Amino acid sequence: MKNKELAESIIQYVGGKENVISLVHCATRLRFVLKDDDKADDATIKKLTGVITVVKSGGQFQVVIGNHVADVFAEIMKLANFNNAGDTPSKKTGIFSKLIDLVSSIFVPALAILVAGGIIKGLMALLQTFDYLQLNSPTYNILNAIADAPFYYLPVILGYSAVKKFGGNPFVGLAMGAALVHPSITEMLNTKDLVVDFFNIPIKLISYSSSVFPIILASWLYSILERTFNKIMHDSFKKFISPLLGMLITVPLTFAVFGPIVSILSDGVAGGILYIYELNSVIAAMILSAFWQILVMFGIHWGFVPFMMTNFKAFNQDFMGPILFPAVFAQTGAVLAIMLRAKNQQLKALASSSVLSGIFGVTEPAIYGINLPLKRPFIIGCLVASIGGGIIGYYKSVIYSFCFVSVFSFLQLIPSTGIIDERFYAVVVGSISSFALACVITYFFGIPKDKLSMVMGDDSASDSDVTETPVKVNKAKQSTIDSPMTGKIIPLSEVNDQTFASELMGKGAAIIPTVGQAVAPADGEVVSLFRTKHAIGLLTNTGAEILIHIGIDTVKLDGQYFTAHVQTGSKVKKGDVLVSFDIDAITQAGYEITTPIIITNSDDYDDIQCIFNGDNIQNGEALLALNKNKE
């Protein structure tokens, strides 16, 4: 139900179904192409529970969800079956943006099986190292078939997703990819003569297994032909004739022209990138490691994927993959430091889940939920990643199968010769160093108190978030706290929030206000004021630490209907107006106005009692008695 409600809200705030041209998703994001970005309310979408942030990049309106993005995508598609094909008129965007959108849309559906195959290859290498798996044994051959299939038959997989992206029949893409790696073609490759005749047209044969660009280009051409034939042919037979003619034209043309030319060009580009890397591998690796997460933020990291795959095709290994390890683990180390430092349980929960996601390669929750809002942890993560990247670049480490960086990906660094390889240990040391350094530096220097408070009041915060503990002062042995507002008094146990009702936050009372105003219940200082203005923390001159939390879940209003009359650090006298609020508007927005008044340092007192006798209380009347200070 939560995913369904989130899906409904996202559709509403992107401008409705009619504003969506297409929708796909990647590992953590919904990627919309909208007719008019101005109709999308990105500020409101960011505030939705379950949304990490919104990114506008590459001509896409990207809603970052996290690990359960596929579930939200499925609910959206049930509600509105958006067209994901390329024949829909799109907005005017740059060539680079279109290329990034194209690459991500084609590769994202195949990512899961490529990662799975890569991990199995790594496990096989580990088993061979310890002599648990013998080369060419039946067990080896079966495992190898499972692991290698996604890579060997990559043209088949990409043919499906590419033709679907371009707006054609995706099953024709499957068939064209299968034709490129058909056994009859691979058998001809084993002969000495690699130039064959096709109706007296000379064709130079090349291996298409694990190739990327030839099938993408073939899919593009076929989709154009299919739409053309569908327009000019009769409905009764175009469904069969269009694929027939399209394949008869496209596949031979791919063998004769597209394949050889694209293969030469892609191998040349891969070789050129490798040449630059060889000139100074340390600097190249440091730059890529430092900037990788920035590329991820804007969704343009997908542009590197085809070249990684081309490296595997040309060299049976890739040097770019290992450089990304420090970039992932540095951000994870930074968010671990925040988890260790944070006092608020809600922030700890958010940080701990982000650490877990980061270990498994998904850094968006850490980046958008914590590191980027705090700024310093994100910057520290990027800078520290360059150190790990430099170590990896110095040893020129490589990886032997495509990976989506995670703790499992270390297996894919193991060569067939065994685990005793300095390039393998360079990645391990570089990753651990980046993780540890980011954690230590962030722990001591990366968490400004004011920024931490801001995050606690942000979208990631829940209604039970509290201020950091104020500085202790000498407390009186007995003191009285007046009511900060006028209204009906109720016990905390009746508050519709378990955190308050269970007195987990501290003892006190609650008021259902009839006047939209909260005043100072005693002389003291404002030690915290949430950005959303729904909660205020006071330290009285007698040492009581008071939290006035106006409403339940009102943090989601993001300050709407609230007006603050003080700021953090303000000295106040009893009766001074702290915050005013619109009771009717808050209620009509669907939120309870019940206001807990909590003594957050209740452990410093032997006894806290509500001393008001009656149902309705006026502000300024005695509310709580705090007795017998333990100090």
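In the predicted model, Asp482 and Lys574 form a salt bridge, with their closest N and O atoms 3.2 Å apart. Asp482 belongs to strand E7 (residues 478–482), whereas Lys574 sits in the loop between strand E15 (571–572) and strand E16 (577–581), so the pair ties together parts that are 92 residues apart in sequence. Asp482 has a relative accessible area of 8% and is therefore buried.

This pair is one of 7 salt bridges found in a search of the whole structure. Another joins the side chains of Lys396 and Glu278, at 2.7 Å from N to O. Here too the partners lie in separate elements: Lys396 is in the loop between helix H17 (376–395) and helix H18 (422–445), and Glu278 is in helix H11, so that parts 118 residues apart in sequence are tied together. Lys396 is partly exposed, at 32% relative accessible area, and Glu278 is partly exposed at 40%. A further salt bridge links the side chains of Glu75 and Lys78, with an N to O distance of 3.7 Å. Glu75 and Lys78 are 3 residues apart in helix H3 (residues 69–79), which means that about one helical turn separates them. Glu75 is buried, with a relative accessible area of 19%, while Lys78 is exposed, with 63%.

As for disulfides, the count is 0. Two of the cysteines, Cys403 and Cys439, may be described by their accessibility: Cys403 is buried at 10%, and Cys439 is buried at 13%.

The largest nonpolar core contains 69 residues, of which Phe107, Trp292, Met309, Phe325 and Phe402 touch the most other members. Helix H14 (residues 320–341) supplies the largest share of this core, with 9 residues. Beyond four places in sequence, the residues touched by Phe402 include Leu111, Leu114, Phe151, Val305, Met308, Met309 and Phe312, together with Gly118 and Gln412. Another core, of 34 residues, lies apart from the largest one and has Ile511, Ala520, Leu538 and Phe612 among its members.

Helix H14 also holds Val328, which is buried, with a relative accessible area of 6%. Val328 and Gly358 are 30 residues apart along the chain, and their C-alpha atoms are separated by 6.8 Å. Gly358 is among the contacts of Val328 outside its sequence neighbours within four places, as are Gln293, Gly361, Thr363 and Val405.

In helix H16 (residues 364–374), 10 of the 11 residues are buried, so this helix is largely enclosed by the rest of the structure. The buried residues include Glu364, Tyr368 and Asn371, as well as Pro365, Ile367 and Leu374. Lys375 follows H16 and has a positive phi, near 70°.

Tyr561 occupies the loop between strand E13 (545–549) and strand E14 (562–564) and is partly exposed, at 33% relative accessibility. Leaving aside neighbours within four places, Tyr561 contacts Ser580, Phe581, Asp582, Ala585, Ile586 and Ala589.

Leu253 is located in helix H11 (residues 238–279) and is partly exposed, with a relative accessibility of 32%.

Key: Residues numbered from 1 in each chain as written. Predicted model: local features only at pLDDT ≥ 70, side-chain atom pairs only at ≥ 80, totals over all residues. Heavy atoms only, no water. Core = buried A, V, L, I, M, F, W, Y, C linked by side-chain atoms within 4.5 Å. Buried < 20%, exposed > 50% of the residue type's maximum accessible area, 1.4 Å probe, protein only. Helix = DSSP H or I, 4+ residues; strand = E, 2+ residues; numbered from the N terminus. Contact = heavy atoms within 4.5 Å. Disulfide = S-S within 2.5 Å. Salt bridge = Lys/Arg side-chain N within 4 Å of Asp/Glu carboxyl O.
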